[in-house]
Amino acid sequence: HVGCSMGIAVFPEHGETLEELLKHADIAMYRAKDSGIEYSVFDSEWSPYSRERLALEAELREAVAEDRLILAYQPVFRVADGSRAGVEALVRWPREGEEVPAAELVSLAEESDLIRSLDRFVLRRALRDFPGIASRADGDLELSVNLSPASLHQRGLTAALQGLLEETGVDPSRVVLEVTESAALRNPGASHRTLRELHEIGIRIAMDDFGSGFASVTYLRNMPFRRLKIDRSLVREIGTSSRGEQLIQGTILLGQSLGMEIVAEGVETEEQLEWLRDRGCDLVQGFLLGRPERSS
Ligand code: C2E
Ligand code: CA
Ligand code: CA
């Protein structure tokens, strides 16, 4: 099924230069796409906010197409011996001398099909960077990459990934793809198929942000998750809420009994680390041990 959306801007009402006309036609096109209609005529009455946002989206689209996004890598550590287990790739958009936060840029991209190209870009860049990062490390490292729900529902993801693994020589067992449970919620059939395929080629899947949304036991049962990441909103409860602590402890037990490794995210204090170590958490990630940094 192929769809098409058209945006229309009229000279001279909507712009007197080619650039302005094209930009407004572009904005109208994303409007049409977002509303699921075939075409849309630019309207100069559109609120400055959404116009700004749509323009920003168009700018982001350009940045993705021109490979101008960059990646930061945050280290992940094994709790048992403090060694570095791997890195998580986090996307950054350098724009007008500042960096647009990942959450903002990802939500902007998720409003359109742009998120798929963004995720593909990150996968490609991360897999190409990885051999260099791994060669500078002492032991074996693994690479974690985030995937949005829309990417998971896209056909051809597994084949594209296989191509990248071949090109870069990265072993699939070194790669962890992180997905949130909302990915599974939106389109269970397609997600399940893709996750199975990825699992079959030896890539590990992590459930990200566990405890931040509506964690469903069904997904833990049906999806091939090998790893569970406890959201930092829960980790923050360590030392402050005994209910929160019990939830984490229960999650560690539940996950481990299902054969999953447990990662605690957003570890910021020694106290949290100590507590997690005592409860047998496998891996930790957080500002206490390492912030996301550009790879040189
Ligand atoms: P996430 O996957 O949960 O990534 C971890 C986020 O927590 C990162 O924010 C990281 O900088 C932050 N963080 C790590 N340790 C700490 C800590 O100790 N304290 C606090 N307060 N924060 C900590 P970042 O890089 O801004 O990313 C935000 C979210 O954007 C990510 O959350 C992920 O959901 C999404 N994201 C980032 N890169 C990508 C990407 O390439 N593709 C997709 N689809 N999503 C991405
Ligand atoms: Ca993540
Ligand atoms: Ca997370």
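A: The calcium ion (ligand 2) is held by Glu88 (OE), Asn146 (OD1), Glu178 (OE) and Asp208 (OD), at 2.1 to 2.3 Å. The model is predicted: local features need pLDDT of at least 70, side-chain atom pairs count only at pLDDT 80 or more, and totals for chains, interfaces and linings use all residues. Residues are numbered from 1 along each chain as its sequence is written, chains are lettered from A and ligands numbered from 1 in the order in which they are written, and side-chain values use heavy atoms, with hydrogens and water left out. Donors here are N, O and S atoms within 2.8 Å of the metal (3.2 Å for Na, K and Ca); water is not among the atoms, so sites may look incomplete.

Along the chain, the donors of the calcium ion (ligand 2) have the spacing E-x57-N-x31-E-x29-D. Asparagine 146 belongs to strand E6 (residues 142-146) and aspartate 208 to strand E8 (residues 204-210), so this pair ties together parts that are 62 residues apart in sequence. Helices (H or I, at least four residues) and strands (E, at least two) are DSSP runs, numbered from the N terminus. Aspartate 208 is buried, at 7% relative accessible area, while asparagine 146 is partly exposed, at 24%. Buried means under 20% relative accessible area, exposed over 50%, and partly exposed in between (1.4 Å probe, protein chains only).

The protein donors of the calcium ion (ligand 3) are Asp208 (OD), Asp209 (OD), Glu265 (OE) and Glu265 (OE), at 2.1 to 2.4 Å. Their spacing along the chain is D-D-x55-E. Aspartate 209 is partly exposed, with a relative accessible area of 24%.

Of the 36 residues that line the largest pocket, the closest to its centre are Glu88, Leu90, Ala102, Asn146 and Asp209. Strand E4 (84-95), helix H3 (102-110), helix H4 (114-135), strand E7 (175-180), helix H7 (181-186) and E8 each supply at least two residues of this lining. E4 gives the most, with 5 residues.

The model also has 1 cavity of 30 Å³ or more. The largest cavity has about 40 Å³ of space, and its lining consists of Arg232, Arg236, Gly266 and Glu268. On a 1 Å grid over the protein atoms alone, a cavity is a set of points where a 1.4 Å probe fits but cannot get out, and a pocket is an open set with protein on both sides within 12 Å along at least five of seven lines; lining residues have an atom within 4 Å of a point. Grid points are joined across faces, edges and corners, and a volume is the space filled by probe spheres set on the points.

One further residue gives a point of reference. Valine 41 lies in strand E2 (residues 39-41) and is partly exposed, with a relative accessible area of 40%. The C-alpha atoms of valine 41 and leucine 105 are separated by 26 Å, with the two residues 64 apart along the chain.
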